[in-house]
Amino acid sequence: MTTVTAPPPASVGVLLRDWRQRRRLSQLDLAMEAEVSARHLSFVETGRAKPSRELVLHLAGHLEVPLRERNTLLLAAGYAPVYQQTQLDDAAMGPVRAALDRIVGAHQPFPAVVVDRRWDLVTANAAALEILTDGVAPALLAPPPNALRVSLHPDGLAGRIENLEEWAQHLLERLDRQVATSGARDLRDLARELRSYPNMASLARPGAEGGVVQTGELAERLFVPLVLRHRGRRLRLFSTVATFGTALDITIAELAIESFFPADAETAAALEGGRAPG
């Protein structure tokens, strides 16, 4: 029988170095930004010096490390985590749930959704549920539905998206940036799954040249629209993303509110109950 030994957990110095390199900073860059000794930072990264709890959090802040991963840094340095993760259905999260419901509800008659870090749906308003789930296979809507799977899977929204290749590239690039900034393995696995769908085969891989929109065309546009058919109408939408800027709880910090707006007068009229776009 062969015994497989798990690799030892990474030290806090190695983790800090990985985050620094992910942010494309030299030791000197980070030392100057964080106003710490470059020599001490070098000793921390190589394990010759143990950083204080305060220094770990100080460096993590300058490196924009997500709260979840700041706890990992603290544990690697031998300290207790400081950021809690409260379930959204906890009584203490009542004000947060109320705020989310108010935000998405006030966005009617335009779609608005709230997703977590994995893009799993947390809540949505009536417009989003009507427009973005129409015709989607029930299996993809089983709790918790994943917004990216619902959008790009052949049995999901993809069949109604007229600019599927362009919109899919936009979503995958957003996910790639999230993977790059967070280093999250589950998000990397999700990106790999999405690119494995047969209707995604023609998309350029990260770093590939080309694309579905020419440079001149991009210069004439303000955003990447979502163009989809809904009950005989053609809707053109663009979205904005908002987060909780002062969150100290992991759950709250990882929520994203995506609000869709009409990209033309015809779509606005259709969603507001006017005449359907042609």
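## Helices α2 and α4

In this predicted model, the axes of helix α2 (residues 27-34) and helix α4 (residues 53-62) come within 10 Å and cross at roughly 105°. Axes here are lines fitted to C-alpha atoms, for helices over the stretch in contact, with angles running from 0 to 180 degrees between N-to-C directions. Helices α2 and α4 are therefore roughly perpendicular to each other; angles under 35 degrees count as roughly parallel, over 145 as roughly antiparallel, 65 to 115 as roughly perpendicular and the rest as oblique. Helices (H or I, at least four residues) and strands (E, at least two) are DSSP runs, numbered from the N terminus.

From α2, Leu 30, Glu 33 and Ala 34 meet His 58, Leu 59 and His 62 of α4, where contact means heavy atoms within 4.5 Å. By class, this contact between α2 and α4 has three nonpolar, two polar and one charged residues. Ala, Val, Leu, Ile, Met, Phe, Trp, Tyr, Cys and Pro count as nonpolar, Asp, Glu, Lys and Arg as charged, and the others, Gly among them, as polar.

## The sheet

Five strands form an open sheet with antiparallel pairing, in the order β2-β1-β5-β4-β3. Two strands pair if DSSP finds at least two bridges between them. Strands β2 (121-124) and β3 (226-230) stand at the edges with a single partner strand each, so one side of each is left without a neighbour in the sheet. Direction ignored, neighbouring strands of this sheet are turned by 30° against each other on average.

Strand β5 (residues 256-262) is largely enclosed by the rest of the structure, because six of its seven residues are buried. Buried means under 20% relative accessible area, exposed over 50%, and partly exposed in between (1.4 Å probe, protein chains only). Strand β1 (residues 112-115) runs antiparallel to β5 and is joined to it by four bridges; Val 114 has Ile 257 of β5 as its bridge partner. Strand β4 (residues 233-242) also runs antiparallel to β5, with six bridges between them. Ser 239 stands opposite Phe 260 in β5, and Val 241 stands opposite Glu 258 in β5.

## Salt bridges

The whole structure holds 16 salt bridges; each is a side-chain nitrogen of Lys or Arg within 4 Å of a carboxyl oxygen of Asp or Glu. One of them joins the side chains of Glu 45 and Arg 20 (2.7 Å, N to O). Glu 45 lies in helix α3 (residues 38-46) and Arg 20 in helix α1 (residues 12-22), so this pair ties together parts that are 25 residues apart in sequence. Glu 45 and Arg 20 are both buried.

Another salt bridge links Arg 195 and Asp 176 (2.7 Å, N to O). Arg 195 belongs to helix α10 (residues 185-195) and Asp 176 to helix α9 (residues 164-182), so the pair ties together parts that are 19 residues apart in sequence. Arg 195 counts as buried, at 11% relative accessibility. Arg 118 and Asp 120 also meet in a salt bridge (3.5 Å, N to O). Here Arg 118 is partly exposed at 35% relative accessibility, whereas Asp 120 is buried, with a relative accessible area of 11%. A network of salt bridges links Arg 68, Arg 117, Asp 186 and Glu 254.

## Basis of the values

Residues are numbered from 1 along each chain as its sequence is written, and side-chain values use heavy atoms, with hydrogens and water left out. Because the model is predicted, local features need pLDDT of at least 70 and side-chain atom pairs count only at pLDDT 80 or more, while totals for chains, interfaces and linings use all residues.
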